[in-house]
Amino acid sequence: MYPAKVEKLLLKVQKPGRYVGGELGEVIKDKREVDVRFAFCFPDTYEIGMSHLGIKILYSLFNEKPYIWCERVFAPWIDMEEEMRAHDIPLWALESGDPLSDFDFIGFTLQYELSYSNILNMLELGNIPLLSKDRHDLKHIVVAGGPCACNPEPITDFIDIFFLGDGEEVDLEVMELYRECKKDGKSREEFLRLASQIKGVYVPSLYDVSYHDDGTIESVTPRDNAPAVIEKRVMMNMDESYYPDNFVVPNIEIVHDRAVQEIFRGCIRGCRFCQAGFLYRPVREKSVECISEQCHALCRNTGYDEVSLSSLSSSDYTQVVPLLRELNSWAKPENVSLSLPSLRVDGFSDDILNEIKTVRKSGLTFAPEAGSQRLRNAINKNVFEDELMNTCRVAFEGGYTTVKLYFMIGLPTETMDDVAQIPLLGKKVLDTFYSTPNRPKGKSPRVTVSASSFVPKPFTPFQWEPQDTMDLLREKQQHIKQTMIDNHISPGKMSYNYHDSDTSYLEAVFARGDRRLNAVMLEAHKRGIRFDGWNDCFSLQNWLEAFEACGIDPAFYANRRRSFDEVLPWDHLDYGVTKEFLRRECERAYSSEASPNCREKCLGCGCTKYKGGVCYEKR
Amino acid sequence: MKNVRVFYRKFGSCKYISHLDTNRVMLRAIGKSGLNIWRTEGFNQHAYITFALPLSLGFGSECESMDFRVLDDNEDLSAIPDRLNSCLPEGIRVFRCAESVHKPAAIDSAKYAVSLEPMTEGEISFEELKQKLTAFVDLPEIIVQKKTKKGMKDVDLKPYILSFEIREGEKAAFDLTLPAGSTLNINPNLLINAFADSIGIELYADITRVGIFTKDGEDFA
């Protein structure tokens, strides 16, 4: 549904299907018969937001409760935003067409730092006061969860409640509490105080932060009995954890237009740059039977003929080949194809290839992350060159000709020599193609090398590290290009892509920012900044002006090396991994030493306290 | 194997599903319904559906059709509308299914029900709008720029207006029949935009396709 006034505007904007709802699987309820209305807001466009698995899980979970009606809201693209502002139409939810201001909860998912500016813009378009302190009465509770909630400090002025960790239980507990508070006529403040007592709930307004003269944090002090340390929530039994048997199926094409089936949460690897690998510990698998059953129901109910198996590293699923065989027992006859993203170089086998092989041979993608073995050890990406070459050989023999390789530049301890190894590794893949006797005949190979800029993140062993300056990152990008020329690598066979370092810089600032960045967020919003994740909108210059106006130096957050004993802005949040463990891992990185994965040897990260998952698997 | 044509209405939020996306929506609905239809047998096998006459984005319709082949000769065609409807979004409703009578190439014209209003409310009265529109359509020639494969071309729409009739009522509503099909297809927006330009007022047009006809004036079936 959409407001009547919108009808006339729809054909003036790109992709009007983004704004109208009415999809198969959307949940419509009678608003008079529910106690809690929840607006699930994704701070990006419809096509991006509808591709996200978390929104689908929570949407169905909430709507299974008769007293909750959860609806979807996405950021309008700039053309629609302009029309909305010109015609005074507040941001609406797709199910009811009602404005955001009609909702009890306005919930955002924090997937990437560059979407923060859209949160403020969406609140404003929905006529919700931006600052928590300007919202009164027991309504318009602005909540947020997702990976970036692990350091939510830069947006604490705008959000009332953060959910840490898995949301399946804690979200419902908070809504149940709200329902009771509303019935009992409690105030907003009372509700927030009570909510702060629920495990996994962080109410930032109940904490005071003081700073040293050098700008680092002195202490974070709770008030009103709020816990000094807030622990994340973890769903330990994945088979019993809620999973939807239906999705809202978009009428227009979205980025990931297929069924998605989660196979496990967490990752055993502990790559030192990877935040997800630490935030979602410990690894918890679903059983083959459970996955197959859920996945089959999902395909039947949505009508999708493609299903993607989702996890941080698919080939680490202990039963991956039996799983694929089981799925194919119904998928093949029903013309459903399987895709297995996030394959590791060392987890790729003939058996897997045979089960996922479709007639359309798209390329294969691997992420060695670093060019040299020394640096791969330092970042704990336990992948060896001969494994990559073997894997590529298997792929070429299987008929593939296109390989994409993902790398990062700016990794801690990286030298120019490490950087030069990136294109040289690509070249070795090309050489492997020509030395494979059973390669596809009459076709030429194509290797794409992509290098993104490393962003140090909280709760990783590199959380203390400075990000390379933008100048140095650019120099490294040029060095890759020059190495290609010097080694006569044909651009026809190997292409090199790199991401603009500007967005990585901003990401680095907000990833490890503190509460003083709230002022910058607000200033940026006033300057009309939004959609930072989109090249057509992003301008680092505009951001730098906002920092300047607030008297804040972004380099303090992005490029400064923190000492191990500094109080970090997220130290009062507990994601299971201890600071001591992260420090040990960081020091091993300095000596280019890799660490075993969770299945090989327990490193004592701290997550055994959750009493389950990989930590208690039989070895 | 039977060549089957289903007829459906497209309205509400589903007006904003483009032709390509409609194809995807239909394929998923067929998949979900379990209807056994012919699939291509080439390199990239997929369920095979075709549409006789694409519908522009934003148009509603009372008379869309989609063709496919059912593999089972004993398939109960009368059950297909319900089977598909339970797998389709609200704004697409299948109301008939039968073996196809005409070839898509037989399509010759289409009738549209159009309702006009000024983009800015009150800028012009419906009465005045109707008068100006009637006068405009009565002009001896209506030259518009039409995008063709060879670039922009001046086209006189006048001979293409096969019928034009103002509807009774308060609104500025009318029925319009224009050539349609794969050889010559005139979009009603060409005429509406030319009219809006001539009066210098931005108009909003609610357009619904209400009929598709063959050369003999029969309903496309």
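The legends below describe close-up views of a predicted model.

**View 1. The open sheet of chain A.** Six strands of chain A make up an open sheet with mixed pairing. Their order across the sheet is β2-β1-β3-β4-β5-β6. At the edges lie β2 (68-74) and β6 (201-202) of chain A, each of which pairs on one side only.

**View 2. Strands β1 and β2 of chain A.** Strand β1 of chain A spans residues 36-42 and runs parallel to β2(A). Seven bridges join the two strands. One of the residues shown is A:Phe42, whose bridge partner in β2(A) is A:Phe74.

**View 3. The largest nonpolar core.** This core contains 222 residues. The members that touch the most other members are A:Phe38, A:Ala39, A:Phe40, A:Val73 and A:Ile161. In soluble globular proteins, nonpolar side chains tend to be buried together.

**View 4. Surroundings of A:Ile161.** A:Ile161 is among the core residues that touch the most other members. With its neighbours within four places in sequence left aside, A:Ile161 is in contact with A:Ile141, A:Val143, A:Val174, A:Ala195, A:Val201 and A:Val203.

**View 5. The two domains of chain B.** Domain 1 of chain B covers residues 2-100, and domain 2 of chain B covers residues 106-214. Taken over C-alpha atoms, the centres of these domains are 29 Å apart.

**View 6. Contact between the domains of chain B.** Nine residues of domain 1 of chain B are in contact with ten residues of domain 2 of chain B. On the domain 1 side, the residues comprise five nonpolar, three polar and one charged.

Technical notes: Residues numbered from 1 in each chain as written. Chains lettered and ligands numbered in written order. Predicted model: local features only at pLDDT ≥ 70, side-chain atom pairs only at ≥ 80, totals over all residues. Pairing = 2+ DSSP bridges. Helix = DSSP H or I, 4+ residues; strand = E, 2+ residues; numbered from the N terminus. Core = buried A, V, L, I, M, F, W, Y, C linked by C-beta atoms within 7 Å. Buried ≥ 20, exposed ≤ 12 C-beta atoms within 10 Å, placed from the backbone. Contact = placed C-beta atoms within 7 Å. Domains from an automatic or database assignment. Nonpolar A, V, L, I, M, F, W, Y, C, P; charged D, E, K, R; others polar.
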